[in-house]
Structures are given as structure tokens and as C-alpha cells.
Amino acid sequence: MSQLQYYAYPDHGVHLREINSYHQAVRVGDRIECSGQGGWDCTSGEMKKDLYEEIDQAFENVDRNLKDAGGKGWSQVFRVNSYHTDMSNEALGHMVKNLRKWMPDHQPLLTCVGVAKLALEDMRIEIEVSAYVGA
């Protein structure tokens, strides 16, 4: 496992690593695999109260996570898996709006799954991604 490089971005990423014993990202060769990102404030860990703000923040957290692991952000993402406690048309429409905003030049693979509950209290969305960063 020595070829794997693990990352936990400052503040809340490090806090989650210390409390729950997991990293936010791992670099495997020419790829970055990201743990699921929620709509938490990266400094305080506080979850956004408004669903649309939570979705927006989750996308920002994915971008931060990828860059912390040495990537360029959403431009390198080829797969998105998202988990939702709210599968309404409005919530999914806001998800699509963010996909278009963060990846205007390409369309990744996408799996969207409805779930009853996510790991953290008040969490309604979780986004995990795979990114190709090249050799």
C-alpha cells in the first residue's frame, strides 16, 4: 500500500480523519478517488441548512478535495456517484445545474441513488467522484 497517497484537506477533512478514521481522497496512479463529500462548511463542519446551499457546498467540497490531492478539480472528473435523501425533481434539477456549472466542457458518468439516511446528522446529499489526472 506504500504507492497510495492519502489526503485529508485542512480543518474539517482532518477532523473527520481523526474522529472517524478515514481520508478524504487517495491518489492511485493516474487517478484520484474521493470519499463522499457533503454540504458541510470546510472550516467549522456545520451542515448547510438550505438544501440548494448544501448541494452547492458539496460540489465546492469535491473541488477542494480534488485540488488538495493534487488534481485540477472538476475538469478531471469522469465518474460521479451521488446519494440523496431528497430525490425530488427540484433537488435533482439543482444537482444537474451544478454538474453543468462545474463541468461545462464534458459530461461524466453519473449514478444517482436515493437513500433513507446518510452518515452525518442533517446530511441530505453526498457526492463521491473519480478523476483522471494523467501520468
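Mentor: Start with contact: it means heavy atoms within 4.5 Å. Helices (H or I, at least four residues) and strands (E, at least two) are DSSP runs, numbered from the N terminus. This is a predicted model, where local features need pLDDT of at least 70, side-chain atom pairs count only at pLDDT 80 or more, and totals for chains, interfaces and linings use all residues. Residues are numbered from 1 along each chain as its sequence is written, and side-chain values use heavy atoms, without hydrogens or water.

Trainee: Which strands does helix α3 lie across?

Mentor: Helix α3 (residues 89-102) lies across β4, β5 and β6. Its direction runs at about 160° to β4. Axes are lines fitted to C-alpha atoms, for helices over the stretch in contact, and angles run from 0 to 180 degrees between N-to-C directions.

Trainee: What makes β3 and β6 a pair?

Mentor: Two strands pair if DSSP finds at least two bridges between them. Here 3 bridges join β3 (residues 31-34) to β6 (residues 125-132), so they pair. They run antiparallel. R31 stands opposite Y132 in β6.

Trainee: How do you know that C42 is in no disulfide?

Mentor: A disulfide is a pair of cysteine sulfur atoms within 2.5 Å. The nearest cysteine sulfur to C42, that of C34, is 12 Å away, so C42 is in no disulfide.

Trainee: Why is C42 called buried, and why is C112 called partly exposed?

Mentor: Buried means under 20% relative accessible area, exposed over 50%, partly exposed in between (1.4 Å probe, protein chains only). C42 has 7%, so C42 is buried. C112 has 32%, so C112 is partly exposed.
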